[in-house]
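Visitor: I would like to learn how to read a structure, one feature at a time. Where do we begin?

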Amino acid sequence: MTTKDNVLALLLSQNEQPLSGEEMAERLSVSRTAIWKAIQQLKQEGHDIQAKSNVGYTYFSRERLNAEGIRKLLPPSLQTIEILVENEVDSTNSVLKRRAIDGIERDTLLLAESQTAGRGRFQRSYFSTPEDGLYMSLYIHQPQPVSELVHYTLITAVAMAQAIEAVANKTVGIKWVNDLYIEGKKVTGVLSEATTNFETGMVDGIIIGIGTNVSVPTSHFPLELQSKAGSIFPQGAPKDFHRHQLVAHFLTAFYDLKDHPERYLSDYRARSFIIGQIVSFDYQQQRLQGKATGISDSGELLVELPNQDVIALSSGEVSLHYQ
């Protein structure tokens, strides 16, 4: 860890109590000048650090994301995950894809305060607002068949639903295949992509992008989204809430489900509000309509057509027609 990282870790451990530059220099075996430079770097990155003469530095961590704030909430088994935080990126998925070209040797989580080119499914742009949302991508370093990609999408949806419920005590539903809803409005979208080795036909790694509206007021969404998009805390997050908690709950739930895959499908099915509903979808260049009857063990949406034929959808988008 760099001096900057070590200074940040020390300040976070103080829980918003002051710590003098002299004491930090002594603990880290560096000069007072090195401490001052690290503090200035952290401030430039947007961290709220206040200095008071003869008292020390105090870190106020209510808003900004930082790796150490997340790490201290994780269990020992997840301490090896690399956690990166950026102020602004084009998209977190794109950044990790570029890094993967040079090689990523361990699971990596990238978070950004804002995205300039966030993407949803089918290359749609993703609306994002700084500090009121959570925009992150998780790289899973694990060679496997391409067919396993859909399972990670479903696991991510369930893990994020569990994380939201843990911090907000609100019921979260899932619209196949990867959208999370609270009270009829979408709060989270998931985009999974793979880095592939064409020689072996195997996936080298999986990148899972997650965009969540945490505390975006309804009036801040574009007019065309206000009836469809929502937030976990549309009236503002509680004072004792920090996005670090949501990230830590998600990672803990994700790796638990990844290690115990028998658990996620039953949870996913229970949360799916599309089952039993009439849906429209595109299939083999046709627009069809049928009744969603279930989710297969491989994550496909089963749709019964009016002639009683059953189609298993492995990808695509469906539109709901509530009965």
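**A buried histidine**

Guide: This is a predicted model. Start with accessible area. His 244 has a relative accessible area of 4%, under the 20% cut-off, so His 244 is buried.

Visitor: Where is His 244 found?

Guide: In helix 7, which spans residues 243-259.

Visitor: Which residues does His 244 touch, leaving out those up to four places away in sequence?

Guide: For contacts, look for heavy atoms within 4.5 Å. His 244 touches Arg 64, Leu 65, Asn 66, Gly 69, Ile 70 and Leu 73.

Visitor: What does Phe 254 touch, not counting residues up to four places away in sequence?

Guide: Leu 138, Ile 140, Tyr 152, Ile 155, Thr 156, Ala 159 and Ile 208.

**Helix packing**

Visitor: At what angle do helix 1 and helix 3 pack?

Guide: Read the angle together with the axis distance. Helix 1 (residues 3-13) and helix 3 (residues 32-44) pack at about 80°, and their axes are 9 Å apart. Angles of 65 to 115 degrees count as roughly perpendicular, so helix 1 is roughly perpendicular to helix 3.

Visitor: Which residues make the contact?

Guide: Helix 1 contributes Thr 3, Lys 4, Val 7, Leu 8 and Leu 11. Helix 3 contributes Ala 34, Ile 35, Ala 38, Ile 39, Gln 41 and Leu 42. By type, the residues of this contact divide into eight nonpolar, two polar and one charged.

Visitor: Which residues of helix 1 are buried?

Guide: Val 7, Leu 8, Leu 10, Leu 11 and Leu 12. These buried residues pack against helix 2 (21-28), helix 3, strand 1, strand 2 and helix 4 (67-71). Check the backbone too: just after helix 1, Asn 15 takes a positive phi of about 50°.

Visitor: How far apart are Val 216 and Asp 132?

Guide: Read sequence and space side by side. Val 216 and Asp 132 are 84 residues apart in sequence, but 5.3 Å apart in space, C-alpha to C-alpha.

Visitor: Is Ser 53 buried or exposed?

Guide: Ser 53 has a relative accessible area of 65%, over the 50% cut-off, so Ser 53 is exposed. Ser 53 is in the loop between strand 1 (48-52) and strand 2 (56-60).

**The whole chain**

Visitor: How many helices and strands does the protein have?

Guide: Eight helices and 14 strands. Next, take the overall dimensions. The C-alpha atoms fill a box of roughly 80 × 50 × 30 Å along the principal axes.

Visitor: What does the radius of gyration say?

Guide: Compare the value with that of a compact globule. For 323 residues, such a globule would have a radius of gyration near 20 Å; the protein has 22 Å, which agrees.

Visitor: What share of the residues is buried?

Guide: Of the 323 residues, 49% count as buried. Among contacts between residues at least 6 apart in sequence, 63% join residues at least 24 apart.

Conventions. Residues numbered from 1 in each chain as written. Predicted model: local features only at pLDDT ≥ 70, side-chain atom pairs only at ≥ 80, totals over all residues. Heavy atoms only, no water. Helix = DSSP H or I, 4+ residues; strand = E, 2+ residues; numbered from the N terminus. Buried < 20%, exposed > 50% of the residue type's maximum accessible area, 1.4 Å probe, protein only. Axes fitted to C-alpha atoms, helices over the stretch in contact; angles between N-to-C directions. Parallel < 35°, antiparallel > 145°, perpendicular 65-115°, else oblique. Nonpolar A, V, L, I, M, F, W, Y, C, P; charged D, E, K, R; others polar. Rg over C-alpha atoms; globule rule 2.2 N^0.38 Å.
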